[in-house]
Amino acid sequence: MTVRLADDQSEVLEAVALIDGIPMASAVRQAIDEHIPARRMDSGFQERLAASVRRNQRILETLAHM
């Protein structure tokens, strides 16, 4: 996977990683590990997730009965 960052994001991330004494890739993984649980706790995300599950379930049921 390749992630392209804006120059300012890259500079700040590099500084954070340097201060924490970790590679930039580790800083990115840590940020992702924090982001996913935060999204799961967000009620708006949960509503969109439930809508997506319902929509995909309907599509799968349609395919199963064709």
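Modeller: The axes of α1 and α2 come within 9 Å and cross at roughly 100°. This is a predicted model. Angles of 65 to 115 degrees count as roughly perpendicular, so α1 and α2 are roughly perpendicular to each other. On the α1 side, the contact is made by S10, L13, E14 and A17. On the α2 side, M24, A27 and V28 make the contact. By class, this contact of α1 with α2 has 5 nonpolar residues, 1 polar and 1 charged.

Now α1 itself. Helix α1 covers residues 7-20, which is 14 residues. From first C-alpha to last, α1 reaches 20 Å, close to the 20 Å expected at 1.5 Å a residue. Just after α1 comes G21, with a positive phi of about 70°.

Next, the other crossing. Helix α2 spans residues 24-41 and helix α3 spans residues 43-64. Their axes come within 5 Å and cross at roughly 80°. The pair α2 and α3 is therefore also described as roughly perpendicular. Here α2 contributes R39, R40 and M41 to the contact. From α3 come S43, F45, Q46 and R48. By class, the contact of α2 with α3 has 2 nonpolar, 2 polar and 3 charged residues.

M41 lies in helix α2. Its relative accessibility is 72%, and exposed means over 50%, so M41 counts as exposed. M41 and I59 are 18 residues apart in sequence, and their C-alpha atoms are 27 Å apart in space.

Then the start of α3. There, a side-chain oxygen of D42 reaches to within 3.1 Å of the backbone nitrogen of G44. For the length of α3, take 1.5 Å a residue: its 22 residues should span 32 Å. The end C-alpha atoms of α3 are 31 Å apart, which agrees.

Last, a residue within α3. A51 has its place in helix α3. At 26% relative accessibility, A51 counts as partly exposed. A51 and E11 are 40 residues apart in sequence and 38 Å apart in space, C-alpha to C-alpha.

Note on methods. Residues numbered from 1 in each chain as written. Heavy atoms only, no water. Axes fitted to C-alpha atoms, helices over the stretch in contact; angles between N-to-C directions. Helix = DSSP H or I, 4+ residues; strand = E, 2+ residues; numbered from the N terminus. Parallel < 35°, antiparallel > 145°, perpendicular 65-115°, else oblique. Contact = heavy atoms within 4.5 Å. Nonpolar A, V, L, I, M, F, W, Y, C, P; charged D, E, K, R; others polar. Expected span 1.5 Å × (residues − 1). Polar contact = N/O pair within 3.5 Å; in protein donor to acceptor, adjacent residues only side chain to side chain. Buried < 20%, exposed > 50% of the residue type's maximum accessible area, 1.4 Å probe, protein only.
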